[in-house]
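Take a moment with the sequence and the 3D view.

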Amino acid sequence: MTDKGTAPFLDGKITSYSSAEAVRDFYETDGANWSENYAAKEGEKRPTNPAVLRLNLVRKLVARYGCDNMLDAGCADGPVMMEMLRQGKTIQGFDFSPTLVAKGKARLREGGFPEQLCEVGDLTAIHLPDASFDTVLCLGVLPHVERLDVALSELVRVARPGATLILSFRNDLFDLFTFNRLTVEFFADHFLSAIPSTGEERERARTLLDGLITNPSLPAPNYTDGGAASFGSVTRINHNPLTIGEQLKRFGLKHGLNCYYKFHPVPPLLEKHFDNFRDLGAQMDETMSFSWQGMFMCSTFVSVFTKERNEGGS
Ligand SMILES: C[S@@+](CC[C@H](N)C(=O)[O-])C[C@H]1O[C@@H](n2cnc3c(N)ncnc32)[C@H](O)[C@@H]1O
């Protein structure tokens, strides 16, 4: 694992770690039916799948920013691209999973669109020319990328000056809402570490904190978020919505807004007490994407950035 001191993942919290090859292997095998995550589930009043909740949010943002001439970086088998093409937008995408790209090409052909709109490519060495796109989407991908510094430089390189970048992240602040091991770790990493004292006092505080939490050993390491068991072992990195704007400044990005999806009406530990847990969350997703509560009640967020124009005003 990369030394946290060099922080190419921009101060994120690594919740699980694998090589980039292992991430690709996951999307070549257990994750190779990605678009199934967008299918309506029987008996659901409203969609509750996180991929659909994110797409709904992206629809709102695309309308709000008038996005077009788009790149979908890490497009999988093309669900977002297909939606944008149906809206009449210009878009192309790439993904590093050849299996998913083959499926994406098949979907494009079936929909009457050129299959070249979906190609194999890697976020850390994008095969496309500089300053090509007015909008760059990167959804559900960056949390898997350890060389986030390289990936962001590449996304910015292919964006035109003034372009809109819509990027999704896993939310570090959600750990405060979970009342479990992650909460204790959040306190240790961000609050106890700030106490001006000896390590001994910090250790004591940490032990006492464990006692305040009724589930200090949950979730188990490599938890799966309800996905395939193998999802638990691929790289997942959380980022802080309060600092992401500052973190990405050095890539020439100006932060616009944060918005949130995948609301939890109560901490996940209490899900079993609420038959309609997911539907309640989905209702909140419909109306609360831009609320401050989302910063804590959602495990994921989308940040909108603008690529700075250079001094010549290009
Ligand atoms: C969670 S899926 C999201 C797919 C799609 N963006 C969506 O919103 O439906 C993550 C995708 O990122 C791709 N991916 C991960 N790391 C990548 C990289 N370094 N370069 C290109 N694609 C990558 C995976 O193959 C997978 O298809």
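**A walk through the chain**

P219 sits in the loop between α7 and β7 (236–239). Helices here are DSSP runs of H or I with at least four residues, strands are runs of E with at least two, and both are numbered from the N terminus. Residues are numbered from 1 along each chain as its sequence is written. The model is predicted: local features need pLDDT of at least 70, side-chain atom pairs count only at pLDDT 80 or more, and totals for chains, interfaces and linings use all residues.

Stay in that loop. The peptide bond from L218 to P219 is cis, with omega near -10°. N222 also has its place in the loop between α7 and β7. N222 shows a positive phi of about 60°, although it is not a glycine. Most residues other than glycine have a negative phi, and most peptide bonds are trans. N222 is partly exposed, because 16 other C-beta atoms lie within 10 Å. The classes work like this: 20 or more other C-beta atoms within 10 Å of a residue's own make it buried, 12 or fewer make it exposed, and counts in between make it partly exposed, with C-beta atoms placed from the backbone.

Another loop runs between β4 and β5, and A131 lies in it. A131 has a positive phi of about 50° and is not a glycine. With 15 C-beta neighbours inside 10 Å, A131 counts as partly exposed.

Now turn to α3. Its buried residues are P79, V80, M81, M82 and M84. What covers them includes α2 (50–65), β2 (70–73), β3, α4 (98–110), β4 (118–120) and β5 (133–138). Just after α3, G88 takes a positive phi of about 90°. G88 is placed in the loop between α3 and β3 (91–95). Is G88 buried or exposed? G88 counts as exposed, because it has 7 C-beta neighbours inside 10 Å.

Next comes the ligand. How many residues surround it? The shell has 22, and the closest are Y27, G74, A76, L123 and G140. α1 (20–28) and α3 (79–86) each supply at least two shell residues. α1 gives the most, with three. By class, the shell holds 15 nonpolar, five polar and two charged residues. Ala, Val, Leu, Ile, Met, Phe, Trp, Tyr, Cys and Pro count as nonpolar, Asp, Glu, Lys and Arg as charged, and the others, Gly among them, as polar.

Step back to the domains. The assignment, automatic or from a database, gives domain 1 (13–172 + 225–307) and domain 2 (179–218). Their centres, taken over C-alpha atoms, are 32 Å apart. Helix α6 (residues 181–191) has L182, T183, V184 and F186 as its buried residues. What covers them includes α7 (199–212).

Last, the whole chain. The secondary structure comes to ten helices and nine strands. Of the 314 residues, 39% count as buried. The mean pLDDT, the predictor's confidence in each residue from 0 to 100, is 92. Over residues 1–6, pLDDT stays under 50.

How values were computed
Contact = placed C-beta atoms within 7 Å. Near = placed C-beta within 6 Å.
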